[in-house]
Protein chains: 2
Amino acid sequence: MNIDTEASGPDPQAPALASVWTRPQRQRKEQLTRERIVAEAIRLLDEEGLEALSMRTLGQRLGAGATSLYRHVASKDELIELVADAVYGEIEVPEIVDPSTWRLALHAVAHSLRMAGLRHMWMGQALGQVGMTYVGPNVVGVTARTLGILTMAGFSEDEAAKALGTVSSYVLGATAAESGWLSALRRNGYEEKDWMRIIGPTVVESVADSGLTEFYLEQLKRDPQEVRMENFSYGLDLIIDSLQARLAARLADTGDRPTAESKK
Amino acid sequence: MNIDTEASGPDPQAPALASVWTRPQRQRKEQLTRERIVAEAIRLLDEEGLEALSMRTLGQRLGAGATSLYRHVASKDELIELVADAVYGEIEVPEIVDPSTWRLALHAVAHSLRMAGLRHMWMGQALGQVGMTYVGPNVVGVTARTLGILTMAGFSEDEAAKALGTVSSYVLGATAAESGWLSALRRNGYEEKDWMRIIGPTVVESVADSGLTEFYLEQLKRDPQEVRMENFSYGLDLIIDSLQARLAARLADTGDRPTAESKK
DNA sequence: TCGCACTTGCGCACAGTGTGCGCTATCGAC
DNA sequence: GTCGATAGCGCACACTGTGCGCAAGTGCGA
């Protein structure tokens, strides 16, 4: 019997089949990889928020022990960096052909970034936790491509960098505030509209002596989502308008066509 | 002996003196108050950063047990809200008399906010953690006074609110990025200059295919602190310039003097 | 003056965290 | 078939926020 088992088994096909089915079982359990870990982390974060992300629960969701993750990820902070960079991978930077469309392109990037931030409402917290200036490949990619748009449009490299810095600071700040607000609401089980009705009076009272009450009361009647979008666009336009003015001044000085000098 | 002890003690002065010196000892230990807790928390945060703030160490610094703090503060999150609001208390909003100086005033508020954020480099993280849109008295105060400046200058309430939202999103985003960057450096024991020299080549390599290398290399030679300040001012001017343009357009339409209509 | 209610502080305990260490399987190459 | 490498895991440690119940002290009414 022992010999049988070793040689070919009682039923020659059984062990072969067993080994075929047991070996993949390990692999069917879809070996832990950095990609799988990051993907599942994002799913967990989207569902439960940043404070719910622990190595133990993440491991559990992957059918693995907590410490197994450390074979692929050096620390929780590193994982957060990876996850943040992955979100930047969702950002779309349009390939522009006509440099004069830089305005639209920049708009698109900004809105894409905002939408990513709102899809993953933990993004603001995560960036704060991790330093906000790590250099992941996707971040670098988005940055480089957007800078490309601006230099093609005629901005100097120096000004393009400053401009992009301004836009992304604004977008990140605004989006962090928005998503922080929204997730705070959700954590307390409120709907956006209800909350407005509850906190509204308090806010109004607080600023009563500034004579601003009517305006705030007016705000409460509108669709909050629409208001947020409008506010965001307002600020973005403010910045882009100024950029356009500077670009015009610059081009008037040199008298150059933008495409001629920078489109290599 | 028992009777002695009860009546007046072996040495009559000893117990009296003891009670005199032991009772104040409790009060000398400067009773725990919310203010003291918040102040010490800020000190701890400034010295050691957000991740070093634990109820136990904070209690220890105050000569108290960890759970004693909970008599004055509902939770750690609430403490962070208090601490964040306290920082807003450091912001200076100039009292303006001439409405046309709104530009300068807004500049001053923005820079004051940035400086507060850099003085307390944990501020960005804290705001992210706590929702960023809580309504503490100091936040409300700064907001209301700044809105006052803008409406006095001639902005409608609607536009003043949007404008302030834009500015503070930008400032918070930019400052969070700056302080995140700086504290990440400090955590790893680098000086700003050293780091630039270390990471510089990597960044340059990353964006090499965009042909932006010369510019980045140039950046590395300058004083980083000055560069950061310049970048911040660039973005702020971008926004304020646009605001001025909108205000001019608005006033041209109505033909009103700003002071006449809004100065109460 | 006494006594009582009430505040303030604290120790204990619990559940949960990130992560280092060392063991055990399994896999790929010779 | 044997062996080195590597992935995964259990255990353990130090540490976290915070609920609970008890002790000490305070101020107020009788």
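Which element gives the most to the surface near DNA strand C? I looked this up first. α4(A) does, with 3 residues.

Conventions. I am working from a predicted model, where local features need pLDDT of at least 70, side-chain atom pairs count only at pLDDT 80 or more, and totals for chains, interfaces and linings use all residues. Residues are numbered from 1 along each chain as its sequence is written, and chains are lettered from A and ligands numbered from 1 in the order in which they are written.

Chain A. I list 13 helices and 0 strands (DSSP runs: H or I of at least four residues for helices, E of at least two for strands). Of its 264 residues, 32% are buried (20 or more other C-beta atoms within 10 Å of the residue's own). I also checked contacts (C-beta atoms, placed from the backbone, within 7 Å): with a separation of 6 or more, 68% are between residues 24 or more positions apart.

Core. The largest nonpolar core has 104 residues (buried Ala, Val, Leu, Ile, Met, Phe, Trp, Tyr and Cys joined through C-beta atoms within 7 Å). Val83(A) and Val83(B) have the most contacts inside this core. Leaving aside neighbours within four places in sequence, I find Val83(B) in contact with Val38(B), Ala41(B), Ile42(B), Leu45(B) and Ala126(B).

Terms used. A residue is buried if 20 or more other C-beta atoms lie within 10 Å of its own, exposed if 12 or fewer, and partly exposed in between; C-beta atoms are placed from the backbone. Two residues are in contact if their C-beta atoms, placed from the backbone, lie within 7 Å.
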